[in-house]
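Hello,

Here is the structure I said I would pass on. My notes follow below it.

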Amino acid sequence: MIEYAGLCIGVGILIEVYNRTDKMKVQDLASIIQVDELKGLVDLLEDEPLSNPVVAIFGTVGSNSSVDTTRSGTLCVFSEETARVCYKLEKNCNTDSNSNESKEVMLYRKDVPWYLDDGTGQVYVTGAQFAKGFYDTLNKYIFTEPVMEHFERFFSFKDVQYVPNSCCEHVLEIGKPLTIIGKAERDKNGAPTIGRVYQVFNGRSMNKVDEMASDLKSITECCEMLSLLLTGIGVSILAVSVLTA
């Protein structure tokens, strides 16, 4: 009986400890300032000059230059090309069978400075490629031309027979509408910018911030109730064990 009591109490405590992280995330999401117009970001930074508030902004991707893409020919500010090469090893003398292998490698990555524009202002964004959801916003172009010259440095096997492979180019095109959650700050010239990006969404998704906060709050409340329930059951079992001993 005491073992069951300890198990219930222990699991309840673990759930509560894990739940504290989600509670902090709820607080962080609730503190996000939704900026309706990009020109308002200037006023926001003037009102809070000593802090770098986390904001949600919306606009279309723009730039004073563009990446020179090698395959798709699109106007974009970020381009990454990867390729999956499939190859077949010669028959193994021990197994008397062919071994098929595949590997994905990055051929190149290029980007240029870019900003969001909503018609009222422009805000530059830096480091978005490291944010959650960034690669979900990229357009994808697939090509099947041979690119064997790229793989000679990756595969030095003597008994390799290459089979058809494909390349994939991921691009962030100019004009793409995005919603970005990130830390607002000023650059070295004093212009407002998003210096650290946490999440990127396709299109206008300002309401997703509230949805994320609401969903996570519901989860934390359920976890808190479960933690209290398990802890209560464990304490009850322990009390019964002590009284009946």
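In these notes, Ala, Val, Leu, Ile, Met, Phe, Trp, Tyr, Cys and Pro count as nonpolar, Asp, Glu, Lys and Arg as charged, and the others, Gly among them, as polar. This is a predicted model, where local features need pLDDT of at least 70 and side-chain atom pairs count only at pLDDT 80 or more, while totals for chains, interfaces and linings use all residues. Residues are numbered from 1 along each chain as its sequence is written, and side-chain values use heavy atoms, with hydrogens and water left out.

By class, the second largest pocket is lined by nine nonpolar, four polar and two charged residues. A pocket here is an open set of points on a 1 Å grid over the protein atoms alone, where a 1.4 Å probe fits, with protein on both sides within 12 Å along at least five of seven lines; lining residues have an atom within 4 Å of a point. Of its 15 lining residues, Pro113, Trp114, Tyr124, Val125 and Thr126 lie nearest the centre.

Now the strands (DSSP runs of E, at least two residues, numbered from the N terminus). Strands pair if DSSP finds at least two bridges between them. β6 (residues 122-125) runs parallel to β11 (residues 192-202), joined by two bridges; Val125 has Ile194 as its bridge partner there. β10 (residues 177-186) is antiparallel to β11, with nine bridges, and Gly182 stands opposite Val197. Five residues separate the strands of this hairpin, in which Gly190 has a positive phi near 90 degrees.

Regards

Definitions and conventions: Helices (H or I, at least four residues) and strands (E, at least two) are DSSP runs, numbered from the N terminus.
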